[in-house]
Amino acid sequence: LNNITPLEDTQAMEIRFKQRVDFRRTFTWRDSTNTLISVQNAYMQAKDSTGATVLDLRWYSATPNEATIIALTANRRGYLAPIAGGTLEMHVSDKNTVPAGAYPFDMFVQDSAGDWDCLASGTVVVEAAVSAPPT
């Protein structure tokens with residue numbers, strides 16, 4: 001993965017979404033020969049100013065169903081998974097409880113040789129929702 005050419009500046013990436021809204025983003029990385037890079041494992045964490053993890057997305061080899069996502073710990077409700085035409089899809093569920101705010105994040109991926117690399121970092125910005133769903 002040393003020859004990765006991200007499609008965007010991975011060191012200053014901003015990921016912005018609104019609370020209680022399903023959010024999806026496809027990440028696509030290619031090597032120096034423009035070949036799509038596939039990964040076998042990945043994780044992404046965003047932390048608040050005290051170092052507490054507010055968002056903790058993990059790898060699924062196939063997209064999990066909504067029941068599986070809802071059963072996860074609140075800050076893990078979402079996933080990283082393979083997607084056709086890209087390297088991976090990031091999904092943050094509308095059931096995730098990440099508070100409004102701006103949080104630094106890192107995304108790490110493991111290639112087929114077993115090597116881990118940080119492929120993206122920056123800031124996750126969670127915009128406050130105007131209202132909460134009825135209970």
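Hi everyone. This is a predicted model, where local features need pLDDT of at least 70, side-chain atom pairs count only at pLDDT 80 or more, and totals for chains, interfaces and linings use all residues. Residues are numbered from 1 along each chain as its sequence is written, and side-chain values use heavy atoms, with hydrogens and water left out.

Let's start with the overall picture. From the N terminus on, the order is β-β-β-β-β-β-α-β-β-β-β. The C-alpha trace spans about 50 × 30 × 25 Å along its principal axes. With 135 residues, a compact globule would have a radius of gyration near 14 Å, and the 15 Å found here agrees. That radius is taken over C-alpha atoms, and the globule rule is 2.2 Å times the number of residues to the power 0.38.

Buried residues make up 39% of the 135. Buried means under 20% relative accessible area, exposed means over 50%, and partly exposed is in between, using a 1.4 Å probe and protein chains only. Of the contacts with a separation of 6 or more, 55% are between residues 24 or more positions apart, where contact means heavy atoms within 4.5 Å.

Now, back to the cavity. Rolling a probe the size of a water molecule over the atoms shows where empty space is left. Here a cavity is a set of points, on a 1 Å grid over the protein atoms alone, where a 1.4 Å probe fits but cannot get out; lining residues have an atom within 4 Å of a point. Grid points are joined across faces, edges and corners, and a volume is the space filled by probe spheres set on the points. The count is 1 cavity of 30 Å³ or more, and the largest cavity has a volume of about 40 Å³. Its lining is Phe 17, Lys 18, Gln 19, Arg 20, Val 21, Val 92, Ser 93, Asn 96 and Val 98.

Ser 93 sits in the loop between strand 8 (88-92) and strand 9 (101-110), and counts as buried because its relative accessibility is 2%. Its C-alpha is 9.4 Å from that of Gln 19, 74 residues away along the chain. Beyond neighbours within four places in sequence, the contacts of Ser 93 include Val 21 and Asp 22. Arg 20 is in the loop between strand 2 (13-18) and strand 3 (23-27). Arg 20 is partly exposed, at 35% relative accessible area, and has a positive phi of about 60° although it is not a glycine.

Asn 34 also has a positive phi, near 70°. Asn 34 lies in the loop between strand 4 (29-30) and strand 5 (41-47) and counts as exposed at 53%.

Last stop: Leu 55, in strand 6 (residues 53-58), is buried at 2%. Leaving aside neighbours within four places in sequence, Leu 55 touches several residues, among them Val 92 and Asn 96, and both of those also line the cavity.

Conventions
On a 1 Å grid over the protein atoms alone, a cavity is a set of points where a 1.4 Å probe fits but cannot get out, and a pocket is an open set with protein on both sides within 12 Å along at least five of seven lines; lining residues have an atom within 4 Å of a point. Helices (H or I, at least four residues) and strands (E, at least two) are DSSP runs, numbered from the N terminus.
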